[in-house]
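Have your viewer open and try each task before reading its solution.

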Amino acid sequence: MSDTHLHIVSFNVPWPANYGGVIDVYYRVKALHDAGVRVHLHCYTYGRPQAKELEQWCDEVFYYRRDTKPWNLLGRRPYITSSRHSRSLFRQLMRDDHPVLLEGLHSAFTLEQIRAYEKARGLKPRTILLRAHNVEHDYYSQLAKVEPRMTKRLYLRMEARKLLRYEPVMREATHVLAVTQADANHFSEIGCKSVVLLPSSHPFDNVVAVPGKGDYAIYQGNLSVGENIEAARYLITEVFSRSHHRLILAGCNPSGDLIDLAGRYPNISLVSNPSDEEMDSLIANAQVNVLYTKQPTGLKLKLLHALYCGRYCLVNPEMVAGTSLETLCHVADNPQAMMSLLDMLMDRPFSDEDLRFRSLHIGTLYSPSENARILKGLL
C-alpha cells in the first residue's frame with residue numbers, strides 16, 4: 001500500500017463525469033489512484049447527489065453543502081469562492097499534514113484558512129496545490145458578453161471583477177497547475193511561485209479515430225451554456241447556412257431559440273441529450289469535428305475528445321490557443337477560410353497516415369497517466 005496521501009477538494013461531485021471541469025477532476029482522481037496515490041476526496045454538493053462510484057478510487061469521500069444563500073454575493077470574495085466556505089472541511093483537512101489539491105479558484109477559501117492558521121502558529125507551510133481550470137476573470141468576462149439575460153449578465157460582470165481582485169491569493173499556493181501554456185504564463189506574471197503545466201485529465205489512453213470518410217460535420221457541447229450557444233449560432237449563420245455540407249449539433253438541453261434556428265436549414269440537424277455512446281458514435285463517424293470558441297482561456301476538453309476519437313478537426317485560433325495542438329487541427333480565423341477548409345476536408349478521406357501522425361504528435365503531454373506521475377512528484 002502506498003504511503004503517498006493527497007486530499008483533493010472538488011468544487012462539485014465529479015460523477016457523472018459529463019462536463020468539462022468534473023471530467024478533469026474525475027479522471028485525475030482515477031489516474032492518481034492508478035499511480036498509487038491514496039486519495040481523500042472532499043466534494044461540495046451543488047445540484048448533484050453523492051456518488052458511490054467515487055469510492056473505488058478513494059480512501060475516503062466527504063461531502064459538504066455549498067452555501068448558496070444570497071448574502072454570499074455581497075462580500076469581497078467571488079461568489080464561487082465564498083459559497084464554498086466550510087468549517088467542517090477545514091477541520092477534516094487539519095487532522096493530518098497530507099498535501100492538499102484545491103480544484104479551482106472556487107476552493108481557494110481553504111487556501112486562505114490554512115495559510116492563516118500556519119502563520120498564526122509559526123508552522124511550516126503545508127504543500128498546497130491549486131488547480132487553475134481557467135484564468136477565471138477572463139472566463140467570466142467572456143461569459144457575460146454572450147449572456148442574453150440582464151440580471152445574469154450583471155452577475156457575471158460583478159463576479160469577473162471580484163475574481164480579478166481575488167486572483168493574487170493564488171500566490172499562496174505551493175504550486176499552481178495550469179491547463180495551457182498561455183494560462184501558465186499569466187499565472188507566472190502575477191507572481192505565483194511555481195507554475196506547472198498540467199493539461200486536463202480525460203478518459204482517453206490512445207487515439208482511436210477511425211480512418212475513412214463520413215458525410216457530415218459535427219459541433220458538440222453543452223447547448224444550454226452561453227459560450228456554446230454562441231458558437232453554435234456562429235457556425236449556423238456564418239458557415240453552414242452558406243454551405244451544402246451537413247452539420248449535426250449535438251449536446252444537452254439545447255435552448256428553444258437554437259432549435260428553431262437550426263430548423264430553418266435543411267442541411268442542419270440537432271441531436272438533443274445524446275447518451276455517451278451516441279455522442280461517441282456521432283464524433284467517430286463525422287468527417288469533420290468543427291469547434292469554435294471566443295474564449296482563448298483554458299483547455300477545451302471537447303477538443304481532446306475530437307482529437308482522440310474523431311477524424312479531422314476544424315477550429316478557430318482561440319480553440320487551440322496555448323495548447324500546442326494546432327498542428328493536429330485545421331485552423332481558420334474567419335467564415336470564408338472555414339468554408340474553404342470544410343470543402344477540402346469533406347472530400348478527403350481520413351487516412352491511416354493521418355491516424356499515425358496524430359498518435360505520434362499528441363505525445364505524452366496529454367497523457368493522464370503521465371500527468372498523474374508529474375503531479376505525484378510534486379507532493
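**Exercise 1. How much space lies in the largest cavity, and which residues line it?**

Solution. Keep in mind that this is a predicted model.

- Step 1: start with the volume. The largest cavity holds about 50 Å³ of space, and it is one of 3 cavities of 30 Å³ or more in the structure.
- Step 2: The top contributor is α8, with 3 residues.
- Step 3: sort by class. The lining of this cavity splits into 3 nonpolar, 3 polar and 3 charged residues.

**Exercise 2. Work out the lining of the second largest pocket: which element gives the largest share?**

Solution. 

- Step 1: get the volume, which comes to about 180 Å³ for the second largest pocket.
- Step 2: list the lining residues: Tyr27, Lys30, Ala31, Asp34, Ala35, His202, Pro203, Asp205, Pro368, Ser369 and Ala372.
- Step 3: assign them to elements. Those giving two or more residues are α1 (20-34) and α15 (368-378).
- Step 4: With 4 residues, α1 supplies the largest share of the lining.
- Step 5: count classes. This pocket's lining has 6 nonpolar, 2 polar and 3 charged residues.

**Exercise 3. In what order do the 6 strands of the open sheet run, and which are the edge strands?**

Solution. A quick reminder: strands of a sheet pair through backbone hydrogen bonds, either parallel or antiparallel.

- Step 1: trace the neighbours. The order reads β10-β9-β8-β11-β12-β13, and the pairing is parallel.
- Step 2: find the ends. β10 (268-272) and β13 (330-331) each pair on one side only, so they are the edge strands.
- Step 3: zoom in on one pair. Strand β8 (residues 217-220) pairs with strand β11 (residues 288-291) in the parallel sense, over 2 bridges.
- Step 4: Ile218 has Asn289 in β11 as its bridge partner.

**Exercise 4. Which strands does helix α11 lie across, and at what angle to β11 does the helix run?**

Solution. 

- Step 1: locate the helix, which spans residues 301-309.
- Step 2: identify the strands under α11. They are β8, β11 and β12 (312-315).
- Step 3: read off the angle. The helix runs at about 170° to β11.

Technical notes: Residues numbered from 1 in each chain as written. Predicted model: local features only at pLDDT ≥ 70, side-chain atom pairs only at ≥ 80, totals over all residues. Heavy atoms only, no water. 1 Å grid on protein atoms, 1.4 Å probe; cavity = no way out; pocket = protein on both sides within 12 Å on 5 of 7 lines; lining within 4 Å. Points joined across faces, edges and corners; volume = space filled by probe spheres on them. Nonpolar A, V, L, I, M, F, W, Y, C, P; charged D, E, K, R; others polar. Contact = heavy atoms within 4.5 Å. Axes fitted to C-alpha atoms, helices over the stretch in contact; angles between N-to-C directions.
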